Amino acid sequence: MTRRRRPRGLASRFFLAQAIVVAASILAAVVVASLAGPPIFHEHLVIAGHSADSPELLHVERAYRDASVITLGVALGTALVCAAAVTWLFTRRLRRPLSALTEAARGVARGRYDSRVPALAAGAEVDAVAASFNAMAERLERTEELRRRMLSDLAHEMRTPISVLTVYCEALQDGVAHWDEATGELVADQLGRLTRLVEDIHDVSRAEEGRIDLDRTELPTGEPARSAAEAQREAYAAKGVRLVLDIDDDAGAVEVDRQRMGQVLGNLLTNALRHTPPGGQVVLGVSRRGPGRVAVRVADTGDGIAAENLSRVFERFWRGDSARDRDSGGSGIGLTIARALVEAHGGTLTVTSPGPGAGAVFTVELPTRQRVRPSPVEAAR
């Protein structure tokens with residue numbers, strides 16, 4: 001069995017490269033000096049009055065050749081020593097940041113996603129690599145945290161309906177309970193809860209991966225808003241929250257998937273209702289937002305959002321109040337689906353809030369449909 005050769009280190013590679021360059025330079029100098037030096041030196045001696053066949057001339061030329069060889073040899077040795085010193089200093093300065101980067105990479109490979117590379121000050125290129133590595137590690141850390149929380153929340157979401165179904169199945173088998181209308185409604189409700197959870201996870205995955213097919217239709221911007229508000233009227237009235245429409249009919253037209261945009265606005269209105277106490281108010285507004293853009297705003301007077309949590313609102317399964325009951329707090333997927341669907345339409349979904357207890361504003365921005373004006377000739381036809 002042949003042993004695998006250990007790859008050479010950075011220092012040895014730099015030294016080898018320096019040595020090759022120095023040796024090639026000295027060799028070139030030796031060849032040039034050997035071929036061009038003696039004839040030129042001989043010619044100058046003859047011009048100076050020495051006979052071409054004199055013993056003194058031969059001795060001087062031999063001395064010139066010996067001096068050239070010795071000088072070039074000493075120069076080669078000195079250059080190699082200087083190359084080794086420069087290589088050692090350079091690799092020592094470069095090895096420290098690379099070692100820090102390597103150690104951080106090993107930490108991430110072992111699952112320590114909080115590993116970071118400190119400021120290296122080793123040049124723009126190395127600093128750029130370190131910054132990119134830190135950004136990658138931070139993203140991996142957030143993804144791992146989200147994955148753990150998602151698995152925990154999924155287990156919690158599924159535990160309740162599965163437990164209820166298990167208890168009723170055992171009761172039906174033991175004859176303790178009997179199948180009647182109430183039992184059927186309860187089982188259907190729990191199965192519907194599981195089905196909705198699975199569909200939500202499937203929808204958000206497809207939307208974030210860009211695998212949702214949109215059936216776009218040109219609509220006045222106010223039409224999806226009015227439809228979404230009408231669908232939520234009963235729920236708002238039951239809780240005692242006022243739903244106000246503020247629609248600018250001149251906002252323009254948008255090319256959207258009617259059902260998907262209704263799903264977006266429905267999720268936003270449901271979220272606003274969930275976090276607004278009885279007696280509060282939710283405003284659904286539509287207005288222009290600059291040339292070629294229209295904004296749909298859902299503003300509530302509810303719980304509000306802390307500044308440090310604004311960036312996490314659209315994460316999967318995130319809840320502003322972790323103690324909130326999941327039956328009243330939702331699964332934490334609706335806003336994630338809403339943002340992914342808006343981005344699939346070429347728009348953006350953002351949130352602002354003055355702080356806890358001061359309400360929140362969710363804003364959907366969409367590109368308006370650009371209509372081409374007919375030329376006077378076409379208009380005359």
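Modeller: In strand β7, residues 361-367, six of the seven residues are buried, so the strand is largely enclosed by the rest of the structure. The model is a predicted one, and burial here means a relative accessible area under 20%. Of the 381 residues of the protein, 34% count as buried, and the fold as a whole has nine helices and seven strands.

Two strands pair with β7. Strand β5, residues 293-300, runs antiparallel to β7 and is joined to it by seven bridges; within this pairing, Ala 295 stands opposite Glu 365 of β7. Strand β6, residues 348-352, is also antiparallel to β7, with five bridges between them, and here Thr 350 stands opposite Thr 363 of β7.

Phe 362 and Leu 268 are the residues with the most contacts inside the largest nonpolar core, which has 42 residues. Helix α6 gives the most to this core, with seven residues. Apart from it lies another core, of seven residues, including Ala 104, Val 117, Ala 130 and Phe 133. In soluble globular proteins, nonpolar side chains tend to be buried together.

Helix α6 therefore deserves a description of its own, and its length can be checked: at 1.5 Å a residue, the 17 residues 258-274 should span 24 Å, and the end C-alpha atoms are 24 Å apart, which agrees. Among the buried residues of α6 are Met 261, Val 264, Leu 265, Leu 268, Leu 269 and Leu 273, together with Arg 260 and Asn 271. At the N-terminal end, α6 is capped by Asp 257, with a side-chain oxygen 3.1 Å from the backbone nitrogen of Gln 259.

Asp 203 is buried, with a relative accessible area of 15%, and, neighbours within four places in sequence aside, is in contact with Arg 260, Gln 263, Ile 212 and Ile 337. The C-alpha atoms of Asp 203 and Ile 337 are separated by 6.8 Å, although the two residues are 134 residues apart along the chain. Across the protein, residues 24 or more positions apart account for 70% of the contacts with a separation of 6 or more.

Technical notes. Residues are numbered from 1 along each chain as its sequence is written. This is a predicted model: local features need pLDDT of at least 70, side-chain atom pairs count only at pLDDT 80 or more; totals for chains, interfaces and linings use all residues. Side-chain values use heavy atoms; hydrogens and water are left out. Helices (H or I, at least four residues) and strands (E, at least two) are DSSP runs, numbered from the N terminus. Buried means under 20% relative accessible area, exposed over 50%, partly exposed in between (1.4 Å probe, protein chains only). Contact means heavy atoms within 4.5 Å. The expected span of a helix is 1.5 Å times one less than its number of residues. A polar contact is a pair of N or O atoms within 3.5 Å; within protein, one must be able to donate a hydrogen and the other to accept it, and residues adjacent in sequence count only if both atoms are side-chain atoms. A nonpolar core is a set of buried Ala, Val, Leu, Ile, Met, Phe, Trp, Tyr and Cys residues joined through side-chain atoms within 4.5 Å. Two strands pair if DSSP finds at least two bridges between them.
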